[in-house]
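Here is a short briefing on one protein model. Look at the structure first, then read the points below.

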Amino acid sequence: MIASLLLKSWLIIGVAVLLGTFLFNRIRVLIQLRHIKGPFLSKVSWIPHSLALLSGDCHNWYNELNQQYGPLTIISPTVLLTSSPDLWSRMNTHPGYKKSKWYYRAVRFDWRIDNVFTQIDNEKHDARRIQMIRGYSGAENLTLEADIESCVVKLLNLIRSGYAGQRKMDLAQKISFYSLDVISTIGFGKTYDLLDKDGDPNEYVKSAHLGLETCNRQMAFGTWWINRIPFFGPKTDLDIETTKGFYKLKALNASMVEARERDFNEQKTRGVVPRADMLTSFMRNGISGDELKAENILQVVAGSDTTSGALRVIFLYIVTNPRVYRILQAEIDSAVQSGIAPPAPGIIKHTQAKELRYLQAVIKEAMRVSPPINNPLARDTPPEGDNVVIDGEAIAIPGGVSIIPSFKAMQRSKSVYGDTDLDVFRPERWLEERDQKKLEAMNHSFNIGFGHGRWLCLGKAIAQRQLSIVIFELFRNFDWTIVNPEKPWKTANRIGLHVTHDMWVRAEERG
């Protein structure tokens with residue numbers, strides 16, 4: 001009896017201590033952040049942010065908050081949101097900042113193992129980045145451009161043979177097929193062949209999107225830690241025949257990686273030079289086993305969805321703006337006639353496409369108005385806090401809080417782009433600006449959408465190479481219309497990547 005009473009007393013005391021500590025820390029942070037504006041409910045509860053993450057539209061919620069409360073605002077008790085390009089740059093270069101666990105643990109595609117994107121230990125991240133940078137740069141893949149060109153040709157052939165002048169098509173799906181074929185070809189030398197099949201029998205696209213949905217829920221509810229509980233977390237021994245959804249994608253890719261790793265080790269023993277692709281580069285630089293599989297699944301999901309998202313956004317803004325459409329197509333035709341670009345069926349080179357100023361302006365402007373990547377790439381402030389200057393105002397930020405970049409609001413920064421037509425898609429702004437310092441600030445703001453400093457996106461160069469080539473060839477070869485201009489697509493933001501479908505278009509082959 002006495003023992004039971006003592007146990008209950010200690011339990012009550014323990015719960016009281018935990019609750020008291022929790023409340024004390026909440027009140028302490030609330031006081032420390034009292035000088036930063038934001039909705040009252042967001043200052044005391046995580047619920048508004050979680051609902052925004054689940055809505056599939058959190059990037060617009062972020063933008064609205066920054067427009068209302070300024071370039072630094074509160075979105076949950078310990079999370080801030082910034083639209084300041086200067087602060088975002090500082091968060092990626094200033095000592096002491098690190099990736100926030102609440103986001104990066106939730107978006108692990110393999111809950112047991114970090115990849116270069118999810119690694120929150122700065123030193124481990126930097127070491128892994130060194131191992132991977134040559135593979136992503138294309139320095140060890142001599143067929144990179146040829147591999148991309150072959151997939152562009154397949155995309156054009158599919159449109160020409162199956163859809164142009166015949167029937168509508170879901171361009172969002174075809175762009176996903178293209179991106180997955182590219183990343184599988186340059187990633188581990190074995191294309192998924194989705195474009196040749198005009199189908200996805202192994203449901204790569206669906207599986208990847210299911211994986212993003214799962215990660216998004218974990219992030220919104222903060223339940224990533226459940227994966228570590230025995231019998232609750234996802235199983236680790238994946239079988240291709242019995243697993244479904246995202247785990248089938250992981251199983252298929254794990255099987256391919258294991259086969260390539262065996263071949264690599266055998267060839268290395270025999271002194272044979274293995275195929276030059278990204279996976280080979282990673283293995284040459286010491287990545288193996290489960291870590292190699294983790295990096296590969298990151299390539300497939302993130303690498304394909306980011307490129308797909310950018311291509312869809314650029315395409316949509318061109319087709320829905322007739323003036324821009326006419327000017328761009330005239331530049332494309334002129335490039336062919338003048339010999340800058342090869343005549344069809346040749347494919348333009350990246351170096352040639354870079355010379356087309358209006359094309360480059362269109363790509364930048366579409367990605368400025370509607371950033372295709374809106375990941376809440378949260379960074380924890382240094383333990384001692386930080387003193388920053390935003391738009392000329394000195395602001396003290398305490399240690400132990402997390403800061404998210406608001407990319408849509410960042411690309412509407414008045415201090416960078418001026419006060420007028422910030423919401424307007426106008427590629428000419430990149431060509432007309434004569435103030436060199438302002439143009440440099442615009443380019444800097446655009447470029448940090450790919451990350452910055454030690455966390456600059458490794459796949460940036462590969463993605464940019466594809467955007468110019470694909471957009472040029474789509475509008476060189478076909479005339480396009482949107483089937484339903486009032487609702488051109490269905491899309492949802494999942495962990496910052498856009499899951500898009502039903503982007504119905506019609507194509508007519510140009511003469």
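Is Arg476 buried or exposed? Arg476 is buried, because its relative accessible area is 9%; buried means under 20%, exposed over 50%, and partly exposed in between (1.4 Å probe, protein chains only). This is a predicted model: local features need pLDDT of at least 70, side-chain atom pairs count only at pLDDT 80 or more, and totals for chains, interfaces and linings use all residues. Residues are numbered from 1 along each chain as its sequence is written, and side-chain values use heavy atoms, leaving out hydrogens and water.

**Salt bridges**
- Side chains of opposite charge can pair when their charged atoms come close.
- The model has 29 salt bridges (a side-chain nitrogen of Lys or Arg within 4 Å of a carboxyl oxygen of Asp or Glu).
- Arg476 pairs with Glu473, with their closest N and O atoms 2.9 Å apart.
- Both lie in helix H22 (residues 460-477), three residues apart, about one turn of the helix.
- Helices (H or I, at least four residues) and strands (E, at least two) are DSSP runs, numbered from the N terminus.
- Glu473 counts as buried because its relative accessibility is 1%.
- Lys174 and Asp198 form a salt bridge at 2.6 Å, N to O.
- This pair links distant parts of the chain, 24 residues apart: Lys174 is in helix H9 (residues 171-188), and Asp198 is in the loop between helix H10 (194-197) and helix H11 (204-221).
- Lys174 is buried at 3% relative accessibility, while Asp198 is partly exposed at 25%.

**The sheet**
- Five strands make an open sheet in the order S1-S2-S8-S5-S3, with mixed pairing.
- Strands S1 (72-76) and S3 (98-99) are at the edges, each with a single partner strand, so one side of each has no neighbour in the sheet.
- Two strands pair if DSSP finds at least two bridges between them.
- Strand S2 (residues 79-82) and strand S8 (residues 402-405) run parallel, joined by four bridges.
- Leu81 stands opposite Ile404 in S8.

**The nonpolar patch**
- Trp46, Ile47, Leu51, Leu54 and Phe221 form a nonpolar patch on the surface, with about 500 Å² of accessible area together.
- Patches use residues with over 30% relative accessible area and no salt bridge; like charges are joined within 9 Å, nonpolar side chains (Val, Leu, Ile, Met, Phe, Trp, Tyr) within 5 Å.
- Accessible areas come from the Shrake-Rupley method with a 1.4 Å probe; for residues, only the protein chains shown count as cover.
- Helix H3 (residues 47-55) gives the most to this patch, with three residues.
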